Amino acid sequence: MPDSLPQLEAQRSELFRQLAALGDFRRGSITTTSGKCGKPTCHCSKRDDPGHGPHFRLTRKVRNKTMTETFDSPVALRKAQQEVATFHRFQALCGQLIEVSERICALRPIEETLTPEEKKQRRRSSRRSRER
């Protein structure tokens with residue numbers, strides 16, 4: 001059973017309220033990298049050594065280019081993780097808002113909003129003209 005128009009409008013208002021309360025966010029993904037430096041005297045050159053890392057990075061696309069940001073400290077990493085999580089929450093709320101808005105549009109009655117000039121315009125006949 002579809003929701004009523006007032007219920008959907010209240011749901012939309014609540015979604016807008018949640019969007020306004022989100023706070024800071026940024027898009028991207030937090031990824032890890034690790035590897036070996038290639039120095040023969042380093043511990044990572046030994047067999048079965050996992051190498052250096054993991055190193056955390058924020059990766060995102062900016063104007064069709066991949067941008068990568070590394071973090072100086074665990075505090076900076078935690079901050080970025082929270083901002084990325086908030087961005088995912090933003091995306092989810094936007095999806096819900098679109099769904100609710102589409103349901104509102106489907107339920108809202110059509111109102112006569114033609115101007116007097118538009119009302120005066122004649123409808124074109126669907127029949128073909130007999131002149132040929």
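**Exercise 1. Find which residues make up the largest nonpolar core of this predicted model, and which elements give two or more residues to it.**

Step 1: Look for buried nonpolar residues joined through side-chain atoms within 4.5 Å. The largest such core has nine residues: Leu5, Leu8, Leu15, Leu19, Leu22, Leu93, Leu97, Val100 and Ile104.

Step 2: Look for another core. There's a second, separate one with five residues, among them Leu58, Phe71, Leu77 and Val84.

As background, nonpolar side chains tend to be buried together in soluble globular proteins.

**Exercise 2. Pick Ile104 and list what it is in contact with, leaving aside neighbours within four places in sequence.**

Step 1: Read off the partners of Ile104: Leu5, Leu8, Glu9 and Arg12.

Step 2: Now zoom out to the chain. Take its contacts with a separation of 6 or more: 60% of them come from residues 24 or more positions apart.

**Exercise 3. Work out which residues the ring pairs link into a cluster.**

Step 1: Search the whole structure, and you get three aromatic pairs.

Step 2: Follow the links. Ring pairs join Phe25, Phe87 and Phe90 into a cluster.

**Exercise 4. Describe the chain's overall pattern and how much of it is buried.**

Step 1: Count the elements: three helices and three strands.

Step 2: Check burial. Of the chain's 132 residues, 16% count as buried.

Step 3: Check the surface. The chain exposes about 11400 Å², with 50% of that supplied by carbon and sulfur atoms.

Definitions and conventions
Residues numbered from 1 in each chain as written. Predicted model: local features only at pLDDT ≥ 70, side-chain atom pairs only at ≥ 80, totals over all residues. Heavy atoms only, no water. Helix = DSSP H or I, 4+ residues; strand = E, 2+ residues; numbered from the N terminus. Buried < 20%, exposed > 50% of the residue type's maximum accessible area, 1.4 Å probe, protein only. Contact = heavy atoms within 4.5 Å. Areas by Shrake-Rupley, 256 points an atom, 1.4 Å probe, with all protein chains shown as cover. Phe/Tyr/Trp six-rings, centres within 6.5 Å; stacked < 30°, edge-to-face > 60°.
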